[in-house]
Amino acid sequence: MKKTILPVLFMAVLFTAIGQPVKIHGRLKVEGTRLLDGNNHPYALRGMSFGWSCFWPRFYNAGAVDWLYKDWNCSVLRAAMGVEPKGGYIDNPAGSKALMEAAVDGAIKSGIYVIIDWHSHHVNLAEAKTFFGEMAAKYHQYPNIIYELFNEPAEANWPQVKAYAEAVIKVIREKDPDNIILVGCPKWDQEIQLPAADPIKGYKNLMYTMHFYAGTHKQWLRDRTDAAIKAGLPVFISESAGMEASGDGPIDYKEWQLYVDWINKNNLSWITWSISDKNETCSVLNPSASSTGHWKDSDLKESGIKTREYLRAYPPVD
């Protein structure tokens, strides 16, 4: 009996280790407009964003991370650390960092990529420099890590966002010279044409984020993004979903499918919002969902069912 079971268990563990995205693809890099893996092959990440850490902390754990990897086929997760709201980083830095680290450590254990997202709508330069300096010092050796400097600039113009990003990039690069950094753009990450005309220079492995909500953002945003890529800008879709930009309202399935087809045609990385159980369309879970994964179909809302379907359509460990 033991001679039969032990080799089977060994092979199962070995398969799991080999099959992990980071084990296969290694440290990512940017060449021109393309994201490449450690083997210099074009690579696209697909996954989910957790909701605001200060509002839905219960999902920030290794169990939820591993379930999203194994059941939803996520190669990347985005840990959206709230900054300004009560309970966020400015109000509670220690608690916020603990939630971030729980998600990041879970992703490292599961062998997937993870975005450390400064989930803010306003410039908080001093706090961001402190936070990212600490994260880069702690995690720089892990190829899993991606840094997102600014979720969605709401009011700052591109010169302000650019100056902020350059200051934070400098802090990160002092500790972590290689891992990917995502830079936001004005008007909730829709004005992607602005960094395309005036990109940050002097640093490698930078990408720029575009966010879409298919119920609001139509062909014009795809056209704008196409033009930015044609101009030489590497683009990463770090937040998206199928309903209106408010996060509520009906899902526009036709427009969402147009976005997914366009994403696949351009081999873009994309992440859907969000792992949370708020009474809104974009929250993919019902309150019945366990904090640690193992969700049944009845635990998934309409957006969750469709997003899981999209993610599971990709080859495992693609």
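In this predicted model, helix 4 covers residues 93-110, and at 1.5 Å a residue its 18 residues should span 26 Å, a value that agrees with the 26 Å found between its end C-alpha atoms. The buried residues of this helix are S96, K97, M100, E101, A103, V104, G106, A107, I108 and S110. An α-helix has 3.6 residues a turn, so residues three or four places apart point the same way. The partners against which the buried residues of helix 4 pack include both kinds of element: helix 3 (62-70) and helix 5 (125-139) on the one hand, and strand 4 (76-82), strand 5 (113-119) and strand 6 (145-148) on the other. Just after helix 4 comes G111, which takes a positive phi of about 80°.

Helix 5, one of the elements against which helix 4 packs, also packs with helix 6 (residues 158-175), at an angle of about 25° and with the two axes 8 Å apart. Angles under 35 degrees count as roughly parallel, and helix 5 and helix 6 are therefore roughly parallel to each other. Their crossing is right-handed, and the contact is made on the side of helix 5 by L125, A128, K129, F132, G133, A136 and A137, and on the side of helix 6 by Y164, A167, V168, V171, I172 and K175. Sorted by class, the residues of this contact are 10 nonpolar, 1 polar and 2 charged.

Helix 9 contributes Q219, L221, R222, T225 and D226 to the contact, while helix 10 contributes E255, L258, Y259, W262 and N266. By class, the contact of helix 9 with helix 10 holds 4 nonpolar, 3 polar and 3 charged residues.

Is D71 buried or exposed? With a relative accessible area of 14%, D71 is buried, because buried means under 20%. Leaving aside residues up to four places away in sequence, D71 touches R308 and R312. The C-alpha atoms of D71 and W295 are separated by 9.2 Å, although these residues are 224 residues apart along the chain.

Methods:
Residues are numbered from 1 along each chain as its sequence is written. This is a predicted model: local features need pLDDT of at least 70, side-chain atom pairs count only at pLDDT 80 or more; totals for chains, interfaces and linings use all residues. Side-chain values use heavy atoms; hydrogens and water are left out. Helices (H or I, at least four residues) and strands (E, at least two) are DSSP runs, numbered from the N terminus. The expected span of a helix is 1.5 Å times one less than its number of residues. Buried means under 20% relative accessible area, exposed over 50%, partly exposed in between (1.4 Å probe, protein chains only). Contact means heavy atoms within 4.5 Å. Ala, Val, Leu, Ile, Met, Phe, Trp, Tyr, Cys and Pro count as nonpolar, Asp, Glu, Lys and Arg as charged, and the others, Gly among them, as polar. Axes are lines fitted to C-alpha atoms, for helices over the stretch in contact, and angles run from 0 to 180 degrees between N-to-C directions. Angles under 35 degrees count as roughly parallel, over 145 as roughly antiparallel, 65 to 115 as roughly perpendicular and the rest as oblique. A crossing is left-handed if the near helix is turned anticlockwise from the far one by less than a right angle, and right-handed if clockwise.
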